[in-house]
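I opened the model to look up its confidence, its aromatic contacts and its pockets. My notes follow in that order, after one term.

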Amino acid sequence: MQRLKRGNSKDIEAQIVDELGDKRTFKEFLKAVDPIGNLYNKTWLETEYNLSVSNSQNASQWDSFERDKKVLPFLKYQTVGDARVRDSHKRLDGI
């Protein structure tokens, strides 16, 4: 296990995968970042883990949309349509 620098979030993010590049479970991830001690709490770590996993899944899904857009051109931007929608988003509605 590589030594983590105190307070470096990039080192924490790097622990999401193991030495072979395989995604760790949250329990394995928590154990890998344990040397940081009390600097980061479990809730923050779980949030970071979930965000990183979600972002990678979304990126993968977007790649799939891009790859299949000629065959399946069904992706459309749609706002909620209420008064809280920003003007910049209203202009994209329906694209």
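Confidence. I am working with a predicted model. I looked up the mean pLDDT of the protein chain and found 85, with 86% of residues at 70 or more. Helix α1 (residues 9-14) has the lowest confidence, at a mean of 80, and helix α4 (residues 87-90) has the highest, at 95.

Aromatic pairs. My search of the whole structure returned 4 aromatic pairs. One of them joins Phe 26 and Phe 29 in a tilted arrangement, 6.1 Å centre to centre and 40 degrees between the planes. Both residues lie in helix α2 (residues 26-33), 3 residues apart, about one turn of the helix. I then checked accessibility: Phe 26 is buried at 16%, and Phe 29 is buried at 1%.

I noted another pair, Trp 62 and Phe 65, which is edge-to-face at 5.9 Å centre to centre, with 90 degrees between the planes. This pair lies in helix α3 (residues 42-68), again 3 residues apart. Trp 62 is partly exposed at 44% relative accessible area, and Phe 65 is partly exposed at 34%.

I also recorded one aromatic cluster, formed by Phe 26, Phe 29 and Tyr 49.

Pocket. How much space lies in the largest pocket? I read off about 180 Å³. Its lining includes Trp 62 and Phe 65, along with Leu 72, Pro 73 and Phe 74. By class I logged 6 nonpolar, 1 polar and 3 charged lining residues.

Key:
Residues are numbered from 1 along each chain as its sequence is written. This is a predicted model: local features need pLDDT of at least 70, side-chain atom pairs count only at pLDDT 80 or more; totals for chains, interfaces and linings use all residues. Side-chain values use heavy atoms; hydrogens and water are left out. pLDDT is the predictor's confidence in each residue, from 0 to 100. Helices (H or I, at least four residues) and strands (E, at least two) are DSSP runs, numbered from the N terminus. On a 1 Å grid over the protein atoms alone, a cavity is a set of points where a 1.4 Å probe fits but cannot get out, and a pocket is an open set with protein on both sides within 12 Å along at least five of seven lines; lining residues have an atom within 4 Å of a point. Grid points are joined across faces, edges and corners, and a volume is the space filled by probe spheres set on the points. Ala, Val, Leu, Ile, Met, Phe, Trp, Tyr, Cys and Pro count as nonpolar, Asp, Glu, Lys and Arg as charged, and the others, Gly among them, as polar. Rings of Phe, Tyr and Trp (its six-membered ring) pair if their centres lie within 6.5 Å; planes under 30 degrees apart count as stacked, over 60 as edge-to-face and the rest as tilted. Buried means under 20% relative accessible area, exposed over 50%, partly exposed in between (1.4 Å probe, protein chains only).
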